[in-house]
Amino acid sequence: MDKTINQKAWFLVLPVFLVVAFSAVLPLMTVVNYSMQDTFGNNQFFWNGVGWFKELLDPTTDLGGRFLASLWRNLFFSAVILAIEVPLGIVVALSMPRQGFSVAVCLVILALPLLIPWNVVGTIWQIFGRPDIGLLGYVLNSLGLNYNYVSNDLDAWATVIVMDVWHWTSLVALLCYAGLKSIPDAYYQAAQIDGASRWAVFKAIQLPKMNRVLLIAVLLRFMDSFMIYTEPFVVTGGGPGNSTTFVSIELVKIALGQFDLGKAAALSLVYNLIIIIVCWIFYTVMTNAGVERRVVVDKKGVK
Amino acid sequence: MHSIPGRRVILSLFLAFLLLPIYWLVNMSFKTNGEIVSTMTLWPHQPTIANYMRIFTDESWYSGYINSLKYVVINTIISISVALPAAYAFSRYRFLGDKHLFFWLLSNRMAPAAVYALPFFNLYSAINLFDTPWAVALAHCIFNVPLAVWILEGFVSGVPREIDETAFLDGYSFPRFFVRILVPLIASGIGVAAFFCFMFSWVELLLARTLTSVDAKPISAVMTRTVSAAGMDWGLLAAAGVLTIIPGALVIWFVRNYIARGFALGRV
């Protein structure tokens, strides 16, 4: 659809611009301000230039070591949950019933974990995993496994990952299901006439058609897992030790726990920069996919 | 052709995996603490509603729900009312910096709440909004306004331009066209956007907890406080958790066909 150029449209966008600028630009300026200064309390600030940034990116210092450790931990976490959630989501989407009342029931159950407050998600798994009162912990321990997410690093990781799979796989599944539903029946009929195998149908029809939604799903899951705070905070509190301390948890510890404003601000800016870069990729992919689809439609129109 | 072999088994297993932890929470909420700690029972042997009664009668508990609802509702109203005109502008017009603005909005939707926790604390303390529902409502705008713009833009683009043009030819002024024609046409879109604003504001904890202390304490913060208070009142905690799930679970039925669209920022 061709859009007309109209600068007056800015008046329609102005309210959004003001509201978001108030919530985003003002606070971000404070962060930039803090990141260049040091404070010893009493509201006295000292110019520190790029000192915090140097320290942040140098793994030999305390701050740099903590930041980089939590960053790698977070990236590893994102990689693991993507590797589990994407294939599982696709399989679940392919398993959805085709029509009838059961579709609605399945959709509602799938969406349920997505709508639970994040701290309650943490609470649910905290209770569910406890060896004394939780079903999961109790069953695992009575099977002879010594499972305890409070004291064992590996168990804490497993719990956080299973919790995230529980919480967010539905998002991937729902997006893939939306993609699958947009495939016209004619495609399947053509495949049947050609005698295509189940795998060939998946590879040649379903996967290409799900490309776009899958990209959205992967990017959204990456972003959200990269910012994860509440759920692991409630379940493990970042522990045992620092083994499940992700970037957001580290940042809140420094900012609100120790009130180290300069360090926290420098960390925030680097963190935000990473997010904005990924966000730019996300935006480009989304808008390009939109253009491609439009081009395909246009070509069909020409025929 | 649509489905894969063994799909019923896969789907049932996955749905069971989703429901089991929730069932356990509901199960715990109907037990007494004595039963929770002493025995492992798959269903409550001495069912009790004492946990729920305590939440409904103790003000420090039920005011948490009211506080949460206050800022969630304020936030939803602000988000939708500012996002509607913007969505129309993005859908119909090209203007200076439109693409950059759209990207900037998206980047705010993605920004980690942890980055903003401290500056928000300073900002809202400075303008005397700290510990009011307004502080949380405005803070949550940072991710809900962009979300609403993205979702609504998709729905507005689904309305043919000819409708706008016909209305203007018929002598409708812009505000009148907007309220009388466009809004009814995208009513379902507004419902979906409102649902997602409501939801994302409802599930967020970090900002809501940072920006409140006593008067406007949301339910999620009340829950975290109780966890660390003297001893663990598991039954009460479970009951409070169940009550936070209910609003989402009730409305989900009406938006089930739009859920994917909302989570993908209107881009499916």
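**Figure 1. Overview of chain A.** Chain A has twelve helices and three strands, where helices (H or I, at least four residues) and strands (E, at least two) are DSSP runs, numbered from the N terminus. This is a predicted model, in which local features need pLDDT of at least 70 and side-chain atom pairs count only at pLDDT 80 or more, while totals for chains, interfaces and linings use all residues. Residues are numbered from 1 along each chain as its sequence is written, and chains are lettered from A and ligands numbered from 1 in the order in which they are written. Along the principal axes, the C-alpha atoms of chain A fill a box of roughly 75 × 70 × 35 Å. Of the 303 residues of chain A, 40% count as buried. A residue is buried if 20 or more other C-beta atoms lie within 10 Å of its own, exposed if 12 or fewer, and partly exposed in between, with C-beta atoms placed from the backbone.

**Figure 2. The interface of chain A with chain B.** On chain A, 80 residues are in contact with 85 residues of chain B; two residues are in contact if their C-beta atoms, placed from the backbone, lie within 7 Å. Helix α1 (residues 9-35) of chain A gives the largest share of the side of chain A that touches chain B, 14 residues. By class, this side of chain A has 63 nonpolar, 14 polar and three charged residues. Ala, Val, Leu, Ile, Met, Phe, Trp, Tyr, Cys and Pro count as nonpolar, Asp, Glu, Lys and Arg as charged, and the others, Gly among them, as polar.

**Figure 3. Strand pairing between the chains.** Strand β1 (residues 4-5) of chain A pairs with strand β1 (residues 93-94) of chain B in the parallel sense over two bridges. Two strands pair if DSSP finds at least two bridges between them. Thr4(A) stands opposite Tyr93(B) in β1(B).

**Figure 4. Packing of α11(A) against α6(B).** Helix α11 (residues 247-257) of chain A and helix α6 (residues 113-126) of chain B pack at an angle of about 15°, with their axes 9 Å apart. Axes are lines fitted to C-alpha atoms, for helices over the stretch in contact, and angles run from 0 to 180 degrees between N-to-C directions. The angle makes α11(A) roughly parallel to α6(B), a term for angles under 35 degrees. The contact involves Ser248(A), Leu251(A), Val252(A), Ala255(A) and Leu256(A) of α11(A), and Ala114(B), Val115(B), Ala117(B) and Leu118(B) of α6(B). By class, the contact has eight nonpolar, one polar and no charged residues.

**Figure 5. Helix α8 of chain A.** Of the ten residues of helix α8 (residues 185-194) of chain A, the number buried is zero, so the helix lies largely in the open. Just after α8(A), Gly195(A) takes a positive phi of about 70°.

Figure 6. Phi of Asn128(B) is near 60°, a positive value in a residue other than glycine. Asp131(B) is not a glycine either, and has a positive phi of about 65°. Asn128(B) is exposed, with 9 other C-beta atoms within 10 Å, whereas Asp131(B), with 17, is partly exposed.

**Figure 7. Surroundings of Ala167(B).** Ala167(B) lies in helix α8 (residues 161-169) of chain B and is partly exposed, with 18 C-beta neighbours inside 10 Å. Not counting residues up to four places away in sequence, Ala167(B) touches Tyr172(B), Phe177(B) and Ile181(B).

How values were computed: Parallel < 35°, antiparallel > 145°, perpendicular 65-115°, else oblique.
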